[in-house]
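Subject: Structure for your review

Dear colleague,

Please find below the structure that I am handing over to you. My notes on it follow, and I would be grateful if you could read them alongside the model.

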Amino acid sequence: MNIVTNFPFCDILNQKMDAVAKEADQTNEIVSYNPATGAEVGRVPITSPEDVRTAVERARTAFQSWKKTSFAERAVYIMKAREMILSQIDEIAHLISAESGKPFGEAISMEIAPVLDLLQYFARNTEKLLRPARVGIGLYALLGRSSRIVYHPLGVVGIIPAWNYPFSIPLGEAAMALMAGNTVVIKPSELTPLTGLKIEEIFEKAGLPANCVQIASGAGETGAALVDAAPGKIMFTGSVATGKKIATAAAQNLTSVVLELGGKDPMIVFADANLELAAGAAVWGAFCNSGQSCSSVERLYVQEGAAEELTRKIIEKTRQLKQDTGYKETTSVGAMSSERQIAIVEDHVEDFRAAGAKIETGGRRNPSLEGLFYEPTVITNASNDMRAMQEETFGPTLPIATFATEEDAIRLANDSEFGLTASVWTRDHAKGQRVAEQIEAGSVCVNEVLYTHGIGQTPWGGFKNSGRGRTHGREGLMELVQPQHIHVNRIALLPDAWWMPYSPTAVMTFRGFARYFATGSVLQTARMLPQLLKRIKELWK
Ligand code: NAD
């Protein structure tokens, strides 16, 4: 079975699939379709729940040796994986584009380039970021004690991504988990199974020891089996509804989870902003990946006075966008990922229409294209009481509302169950900072939009229903390790005053601890020294 004949560099993938297919039940497979053309991209056998458990067991065994490797050794594999990606960059981009519908160029700019940067950063910096650190312990240090934190890997990390960034999200999380000393099992989205297998192939070609990165293919049931297999951590990216199911299932084994969920991200444009730039940013932020980014601009609030000019510029720019199949280099807006997703967009556009908003451009499936194409759609007269301004659309729509004052803008932006990202546009940097800090979102840009997931050095995650925990940055790395506190008493000559047996002298000393020692002040603590000596003498008898 040659599953990916359109992608010449997928030789290992084809061999692997042949091997897997022989073992697997041939009828039990996912068919991956190109949403732009409806053509079959390939087929992948579904990993059964038993095989998922076995994969996690194999990953646990592999962890025993992998955790002993040095950071430098791990970095060699990650840097080799980078080389593998670079050597087949166009083929990977075409595969991503074929499975997801996004433009081929965008697969490079928004997935491959950022994840290459993330790989080099964590290959070079994880050792420094996880260096054992001494902790200041205040007055305990005067008693000859010291504390150090060392970081241990968790074991097996289970990664369950969405389909919208099917390469960069699971690959980046896997690389960070590996650098921290964990092994990994990824359950790719059922809409992009071949891109998932490509990640496994890249690590295999990089020479990574067996079972350090494995793929379990399938839909929700396979993901649920991965959660039930009780890995050390689940890194989940997807909808709020699935995130809740995973958190509930993971609780059965006390497995901790990072949840990267949805967004309804606001863009605030003040009248003093550079409107030409803001218009370009709004168009890219709303229509990149056909609006199927968790950090897409889903609501635009423009200050009255600038609304007319900004809206005109946005409409002009939107009308110039070329929508077509993703493999053409001139395509700016590709296909949507699935019929289910396009149906949500249609529902929301109808909701806007019915509620009195105006569809300025787009507002329909593209009649000249056969696949799942929805035209980039600009909507004016939107307001927060419309359902479509509250629910995540995840499609190429840009609803525009107006505001009068800074306070209004902040209130409207925060009027959402979500809080993933936001952007503020103004020439007044002090105002930009001030407003940014009042927005309830995990990342807020001033005069920038959408792309901060691409900065692997910075933490990524949401407030409110947009998620729990972080990926990327030092904070994301900390999710993939368990800190261990090593506490040493270098002058262990005397018993501690709080040891047994207790007595009236002991209780008096404990009062001194509460009143003086717990102030953190040396001077105050000095007042209890006579009582402390009395207590030590009592214990020393
Ligand atoms: P989804 O929740 O339908 O599926 C996500 C993944 O979970 C898939 O791999 C799916 O197979 C798996 N899954 C489904 N049911 C499961 C279960 N019971 N147990 C275990 N796994 C299960 O989401 P989707 O439609 O693939 O993705 C779209 C959503 O992802 C949007 O809401 C978007 O905002 C969000 N997203 C968030 C971020 C972020 O960083 N915050 C990034 C990308 C996408």
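In this predicted model, 6 strands make up an open sheet with mixed pairing, and their order is E7-E6-E5-E8-E9-E19. The edges are taken by strand E7 (213-215) and strand E19 (467-468); each has a single partner strand, so one side of each is left without a neighbour in the sheet. Strand E6 (residues 183-186) and E7 run parallel and are joined by 3 bridges. Within this pair, Val184 stands opposite Val213 of E7.

Two helices accompany this sheet. Helix H6 (residues 168-179) packs on it and touches strand E5 (156-160), E6, E7 and strand E8 (233-237). The direction of H6 makes about 160° with that of E6. Helix H8 (residues 220-228) lies across E5, E6 and E8, and runs at about 160° to E5.

I turn next to the ligand. There are 30 residues around the ligand, and those that come nearest are Lys187, Glu190, Ser239, Thr242 and Glu392. The side chain of Glu392 places an N or O atom 2.6 Å from an oxygen atom of the ligand. For Trp460, a polar side-chain atom lies 2.8 Å from an oxygen atom of the ligand. Leu261 takes part through its backbone: one of its backbone N or O atoms is 2.8 Å from a nitrogen atom of the ligand. On its own, the ligand has 860 Å² of accessible area, of which the protein covers 91%.

There is also an open sheet of 7 strands, again with mixed pairing, in the order E12-E13-E14-E11-E10-E16-E17. Which strands stand at the edges of this sheet? They are strand E12 (358-361) and strand E17 (443-446), and because each has a single partner strand, one side of each is left without a neighbour in the sheet. On average, neighbouring strands here are turned by 25° against each other, direction ignored.

Thr421 stands opposite Ser443 in E17. Helix H14 (residues 429-438) lies across strand E10 (265-269), E16 and E17. The angle at which H14 runs to E17 is about 165°.

With kind regards

How values were computed
Residues numbered from 1 in each chain as written. Predicted model: local features only at pLDDT ≥ 70, side-chain atom pairs only at ≥ 80, totals over all residues. Heavy atoms only, no water. Pairing = 2+ DSSP bridges. Helix = DSSP H or I, 4+ residues; strand = E, 2+ residues; numbered from the N terminus. Contact = heavy atoms within 4.5 Å. Axes fitted to C-alpha atoms, helices over the stretch in contact; angles between N-to-C directions. Near = heavy atom within 4 Å. Polar contact = N/O pair within 3.5 Å; in protein donor to acceptor, adjacent residues only side chain to side chain. Areas by Shrake-Rupley, 256 points an atom, 1.4 Å probe, with all protein chains shown as cover.
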